[in-house]
Amino acid sequence: MSRLDLFIARMVSQRACLNHAAALTADISGPVFELGLGNGRTYHHMCEIMPKEDIYVFERAIASHPDSTPPDDQVLLGDVFETLPLALTRFGATARLIHADLGGHNAQKNDEFARRVSPLIEPLLADGGLMVSSDRMYFETLTQIALPQDAIEGRCFIYQR
Ligand code: SAM
């Protein structure tokens, strides 16, 4: 696969998995978390498909497109290793859907990061809640579920409490 193919596969999979996860969790009340705002494309999509939800964004430095910038009171600014534990104190195990796209271009570093951040994400999910990630995660109590038809294996992962 070329880098262009890989990029397209990631984008298509993110959209398919977010649509699928939003539909599967429609009956769960609770906040939605976006980990890694970046340009804000996935955040913008989440706002489109879950217009009534409070979507909280975890990001160390906001640099998103103006159309995709969350309100200040829905940003947890800083390193996720500091803000995720704060979120657990604030929200408890209530999240309907958590999406993480925190990785960069180095697959090995992304995997190491995923191992370290997984235990901080795991306790935030409500019963039946879903976690969508661009990287394989390392959870003890969540179950990996099947991807929707349009998603590409290995480019996105979905986990359920
Ligand atoms: N999904 C986004 C989009 O559609 O535009 C792209 C996200 S981008 C690949 C990853 C983002 O994660 C970057 O903005 C980076 O600053 C953020 N990030 C990476 N590591 C982080 C950390 N430890 N704490 C907070 N934010 C982090």
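**Two helix pairs in a predicted model**

Helix 3 (residues 80-91) and helix 4 (residues 107-121) pack at an angle of about 15 degrees, and their axes lie 9 Å apart. Axes are lines fitted to C-alpha atoms, for helices over the stretch in contact, and angles run from 0 to 180 degrees between N-to-C directions. The two helices, helix 3 and helix 4, are therefore roughly parallel to each other (angles under 35 degrees). On the side of helix 3, the contact (C-beta atoms, placed from the backbone, within 7 Å) involves Val 80, Phe 81, Leu 84 and Pro 85, and helix 4 contributes Val 117, Leu 120 and Ile 121. By class, this contact of helix 3 with helix 4 has seven nonpolar, no polar and no charged residues. Nonpolar here means Ala, Val, Leu, Ile, Met, Phe, Trp, Tyr, Cys and Pro; charged means Asp, Glu, Lys and Arg; the others, Gly among them, count as polar.

The model is predicted: local features need pLDDT of at least 70 and side-chain atom pairs count only at pLDDT 80 or more, while totals for chains, interfaces and linings use all residues. Residues are numbered from 1 along each chain as its sequence is written.

A second pair is formed by helix 1 (residues 3-24) and helix 2 (residues 41-49), whose axes come within 11 Å and cross at roughly 30 degrees. That makes helix 1 roughly parallel to helix 2. Here Gln 14, Arg 15, Leu 18, Asn 19 and Ala 22 of helix 1 meet Thr 42, His 45, Met 46 and Ile 49 of helix 2. The residues of this contact of helix 1 with helix 2 divide into four nonpolar, four polar and one charged.

Terms used. Helix = DSSP H or I, 4+ residues; strand = E, 2+ residues; numbered from the N terminus. Parallel < 35°, antiparallel > 145°, perpendicular 65-115°, else oblique. Contact = placed C-beta atoms within 7 Å.
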